[in-house]
Amino acid sequence: MTLLYGDDFFVSPDATVAIVPRPPQWDFPEHYHDFWEIVLVENGSGIHVFNDQPHMLCSGTVCFVRADDHHLFESVDRLNMINVLYRAPNGFRFLQNIAPFLPGERQVHWQVNHAALQQAKQLIHTLDALSGDLSSENIAASEGQFLQLLIVLRQGCFQAHSDGNREQRLQDLLRWLQHNFSDNVDWLTLADQFQLPLRTLHRQLKQQTGMTPQRYLNRLRLLEARKQLKQSDKTITEIAHACGFSDSNHFSTQFRREFSHSPKMLRQGYPDLL
Ligand code: RM4
Ligand code: NI
């Protein structure tokens with residue numbers, strides 16, 4: 001099996017982080033490394049065979065690869081990825097302890113939401129720009145960005161506990177909704193992701209929350225919108241969009257139905273609302 005060497009990817013022995021874009025990643029034979037890498041999938045699909053276990057890749061999949069893990073990519077279809085290489089968790093100049101931000105033994109594949117993916121791409125862009133000059137300041141800055149990247153991925157990630165029972169999976173799904181309600185939610189995809197039959201998802205969610213899934217999702221969105229209407233200066237349209245409503249008229253109607261007054265009334269200081 002091929003061993004890949006950091007020397008071929010890091011710009012110099014002093015560099016502690018390297019960005020290796022793969023637009024696209026072609027089928028790539030099994031290999032391991034003398035460095036660690038974070039694989040981030042922008043879009044496209046493919047199969048990642050990681051330590052002999054196949055995993056489907058899609059937009060937002062992140063994989064944390066350690067030096068001795070072996071992996072390969074196959075059946076790829078327009079798979080655009082970025083590899084963020086680092087020497088080892090203890091191989092930085094300034095960062096001391098990143099272990100709390102890395103996944104545990106078992107869950108090396110994460111799925112991050114859209115916003116996190118965009119933020120991660122931005123950070124990687126900066127990391128890339130910093131990699132040319134190896135002054136101490138630059139290395140420190142790039143390690144700072146790297147840490148930021150780990151935080152963004154962790155906060156934007158949802159780890160599917162496929163080994164849990166149905167009840168736990170529903171709990172996971174509810175937790176996922178709490179964090180990702182502003183995403184475009186497709187119930188069938190979500191049901192698949194949490195390995196729940198769609199009908200079970202419906203029935204159990206209703207049992208737990210007293211609402212249909214869509215109503216529950218709307219409620220989460222509206223509560224957040226109400227908070228933002230009270231606490232921020234953003235326009236009603238901006239808030240509608242930020243909370244997952246594509247149309248602000250529709251948002252206002254829903255809002256009125258839920259709280260018996262419109263977003264505008266709340267903004268205008270409708271008695272006792274502010
Ligand atoms: C390859 C592939 C490997 C990675 C190297 C740097 O194209 O993505 O996983 O280790 O690039
Ligand atoms: Ni690799």
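This is a predicted model: local features need pLDDT of at least 70, side-chain atom pairs count only at pLDDT 80 or more; totals for chains, interfaces and linings use all residues.
**Figure 1. Ser142 sits in helix H2, which covers residues 136–155.** Buried or exposed, where does Ser142 fall? Ser142 is buried, because its relative accessible area is 9% and the cut-off for buried is under 20%. Leaving aside residues up to four places away in sequence, Ser142 touches Leu127 and Leu130.

**Figure 2. Phe10 is found in the loop that runs between strand S1 and strand S2.** Strand S1 spans residues 2–4, and strand S2 spans residues 17–22. Although Phe10 lies in a loop, Phe10 counts as buried because its relative accessible area is 5%, and buried means under 20%.

**Figure 3. A closer look at Phe10 shows the residues that Phe10 touches.** Which residues does Phe10 touch, not counting those up to four places away in sequence? They are Ala15, Thr16, Val17, Ala18, Phe35, Leu85, Tyr86 and Arg87. Take Arg87 as an example: 77 residues separate Phe10 and Arg87 along the chain, yet their C-alpha atoms are 9.1 Å apart.

**Figure 4. The protein chain is divided into two parts, domain 1 (2–160) and domain 2 (164–274).** On the contact between them, domain 1 supplies four residues and domain 2 supplies six residues. Taken over C-alpha atoms, the centres of domain 1 and domain 2 are 32 Å apart.

Figure 5. The size of an interface is often given as the accessible area lost when the parts come together. How many salt bridges does the rule find across the interface of domain 1 and domain 2? The rule finds zero salt bridges there.

**Figure 6. To finish, we step back to the protein chain, with its nine helices and nine strands.** The C-alpha trace spans about 65 × 45 × 35 Å along its principal axes. The protein chain has 274 residues, and 46% of them count as buried. Among contacts with a separation of 6 or more, 71% come from residues 24 or more positions apart.

Conventions. Residues are numbered from 1 along each chain as its sequence is written. Chains are lettered from A and ligands numbered from 1 in the order in which they are written. Side-chain values use heavy atoms; hydrogens and water are left out. Domain bounds come from an automatic or database domain assignment. Contact means heavy atoms within 4.5 Å. A salt bridge is a side-chain nitrogen of Lys or Arg within 4 Å of a carboxyl oxygen of Asp or Glu. Helices (H or I, at least four residues) and strands (E, at least two) are DSSP runs, numbered from the N terminus. Buried means under 20% relative accessible area, exposed over 50%, partly exposed in between (1.4 Å probe, protein chains only).
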